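Please give a short report on this protein.

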Amino acid sequence: MPKRVDHSSRRATISDAVLRLLARDGLEAISLRHVAAEAGVSPGQVQHYFPSKDAMMEFAASAIADRIAARISAAGPDPDLHHILTALLPTDPDSAADTRTLIGYLAFASVRPQVAETLATNGRAFRDHIAGMLPDHPDPVTAANTLLALLDGLALHVTLSQLPAEAAHTLLTTAIDEALTRTH
């Protein structure tokens, strides 16, 4: 009788290995051989679920988006601008790993125009959502772009240990407050 394989469990094991490698060792660690070793499976099994590095990275992007959405959702059913943006700062080991994974994905996308365009489309949608939360601001789109650029820079500085998470949180909170109080 053939062995019964739980495909969703196997895919989860392999995909978790992709995320761990990306967070721990960076983009260069994502290879069939490294992922197989990290997952404790054969290279053939990895290739069955992820036929290429691009497929592994596409999955990583989806998983990070899901994790970020979960962090925002944890703020409650109707999170305000503070909750949404501060939830994206790397303030604990899990969110720090997510940020390192995202940095690896951004490096991957930077040399793949089609992937970069998907990121840009998603980024514009998120920016527009943030701008919609600034209805009294004279230029909500520019304010949203500024807040998101600040968030990205702060997250990078925290990840590189150039800035403590608490200081980043304070800087971001101050910028959000200024954007919310600036009116026509």
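The report below goes from the whole chain to a single residue.

## Basis

This is a predicted model, in which local features need pLDDT of at least 70 and side-chain atom pairs count only at pLDDT 80 or more, while totals for chains, interfaces and linings use all residues. Residues are numbered from 1 along each chain as its sequence is written, and side-chain values use heavy atoms, with hydrogens and water left out.

## Fold

The protein has nine helices and zero strands, in the order α-α-α-α-α-α-α-α-α along the sequence. Helices (H or I, at least four residues) and strands (E, at least two) are DSSP runs, numbered from the N terminus. A box of roughly 70 × 35 × 30 Å, taken along the principal axes, holds the C-alpha atoms.

Among contacts (heavy atoms within 4.5 Å) with a separation of 6 or more, 62% join residues 24 or more positions apart.

## Surface and charge

Of the 184 residues, 36% are buried, meaning under 20% relative accessible area with a 1.4 Å probe, protein chains only. The accessible surface is about 10400 Å², and carbon and sulfur atoms contribute 57% of that surface; areas come from the Shrake-Rupley method with a 1.4 Å probe.

There are 15 positive and 21 negative side chains, and the centres of the two sets are 12 Å apart. Lys and Arg count as positive, Asp and Glu as negative; His and the chain ends are not counted. Each charge is placed at NZ of Lys, CZ of Arg, CG of Asp or CD of Glu.

## His-137

His-137 lies in the loop between α7 (113-132) and α8 (140-159). With a relative accessible area of 7%, His-137 is buried. Its side chain reaches the backbone nitrogen of Asp-139 at 3.0 Å.

Terms used. Buried means under 20% relative accessible area, exposed over 50%, partly exposed in between (1.4 Å probe, protein chains only). A polar contact is a pair of N or O atoms within 3.5 Å; within protein, one must be able to donate a hydrogen and the other to accept it, and residues adjacent in sequence count only if both atoms are side-chain atoms.
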